[in-house]
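Have the model open while you read.

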Amino acid sequence: MKYSGIGGQAVIEGIMMKNKQDYATAVRRPDGGIEIQKEQYVSMKDKVPLCGLPLVRGVFSFVDSMVLGMRALSYSAGFFEDDEGSEPGKLELWMNRVFGEKVEKVLMGFVMVFSIVMAVAIFMVLPLVIASGFRLFIHSETVMAVLEGCIRIGIFVAYIKLVSRMEDIRRTFMYHGAEHKCINCIEHGMTLTVDHVRESSRQHKRCGTSFLIIVMLISILFFMVIRVDNLWMRMVSRVLLVPVIAGVSYEFLSLAGRSDSSLVNILSRPGMWMQGLTTSEPDDSMIQVAIAAVEAVFDWRGYLRENFPETELPEETGAAAGAQEPEQAGTAVSAEGQLPEETQP
């Protein structure tokens, strides 16, 4: 495995792929075609160098991923909205009147803040409250920290199991698998074809699921050391330590994505196992969407020439070239899902 630097996210009936400042969202339209939107996003650590310092960059990278993810999700959702015959409600009219053209950004900001608050409440504070009920029987702070961590992971697993019962989420998990398979295909030196992607693993060490599990495991170590007697102070400590734990977790995830050592692979196993819940095997149409998103922002042929010179590359076809380079940032192009001829490496 050789690090490529490309990452992505599953959206509604599609996939967003990012490489450096370029990102592309490919969506399977209701009519069966593939729509690709390519834009640029400058991360906070690129705008402000201090945001890129070790242990600090993890928090800002998380915020960047949320902003980018919301943009891609909003774009993909636009293909499946059904507003015929419906009139805007009073709240929508009021927001349009107050915020004007900025209403979408305001809504996005509100959703992000609300999501973070709810995540901290459910996955950091609630496990503490539940675990506190066992203090009458358990007097070891170490055992209590482990118990709290187990409850936290249990809530996360139950949440994933619950939402995965929804058809849209199940399909999103399939696109999530297609995203991982594409990146694994490239980083293991195979040409980006449907057959090769299908053969690749749907688990990847740089996945956001792995990041969340690492956060939960590292939080156990932190709360073993940091001990507060008062329940309310313990709640405050859980909230205040979230950025620190996220920063440490990000550094490990970043190392894991670039290292193929046995130790790193062993430490990455919990996150890889958990991806069994958040990824599913995609069908070929989903793999085509993932390939289209990759080719819009990443020269995988050049990457293979540099890192895997022994790999035999297929000739570029017109369809592949058309899907790879939209005319300019911010434009949307259509592709019919045509793929280059399959060639074994």
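## The second largest pocket

Helix H2 gives the largest share of the lining of the second largest pocket, four residues. This is a predicted model, where local features need pLDDT of at least 70, side-chain atom pairs count only at pLDDT 80 or more, and totals for chains, interfaces and linings use all residues. Residues are numbered from 1 along each chain as its sequence is written, and side-chain values use heavy atoms, with hydrogens and water left out.

The pocket holds about 260 Å³ of space. Its lining is made of Tyr-23, Gln-37, Glu-39, Val-67, Arg-71, Ser-74, Tyr-75, Glu-104, Lys-105 and Met-108. By type, that is four nonpolar, two polar and four charged residues.

Now for the helix pair. H6 (residues 167-187) and H13 (residues 284-297) pack at about 55°, with axes 9 Å apart. That angle makes H6 oblique to H13 (angles under 35 degrees count as roughly parallel, over 145 as roughly antiparallel, 65 to 115 as roughly perpendicular and the rest as oblique). The crossing of H6 and H13 is right-handed. On the H6 side, the contact (heavy atoms within 4.5 Å) uses Arg-171, Met-174, Tyr-175, Ala-178, Glu-179, Cys-182 and Ile-186. H13 brings Met-286, Ile-287, Val-289, Ala-290, Ile-291 and Val-294. Sorted by type, the contact of H6 with H13 has eleven nonpolar residues, no polar ones and two charged.

Definitions and conventions: Axes fitted to C-alpha atoms, helices over the stretch in contact; angles between N-to-C directions. Helix = DSSP H or I, 4+ residues; strand = E, 2+ residues; numbered from the N terminus. Left-handed = near helix turned anticlockwise from the far one by under 90°. Nonpolar A, V, L, I, M, F, W, Y, C, P; charged D, E, K, R; others polar. 1 Å grid on protein atoms, 1.4 Å probe; cavity = no way out; pocket = protein on both sides within 12 Å on 5 of 7 lines; lining within 4 Å. Points joined across faces, edges and corners; volume = space filled by probe spheres on them.
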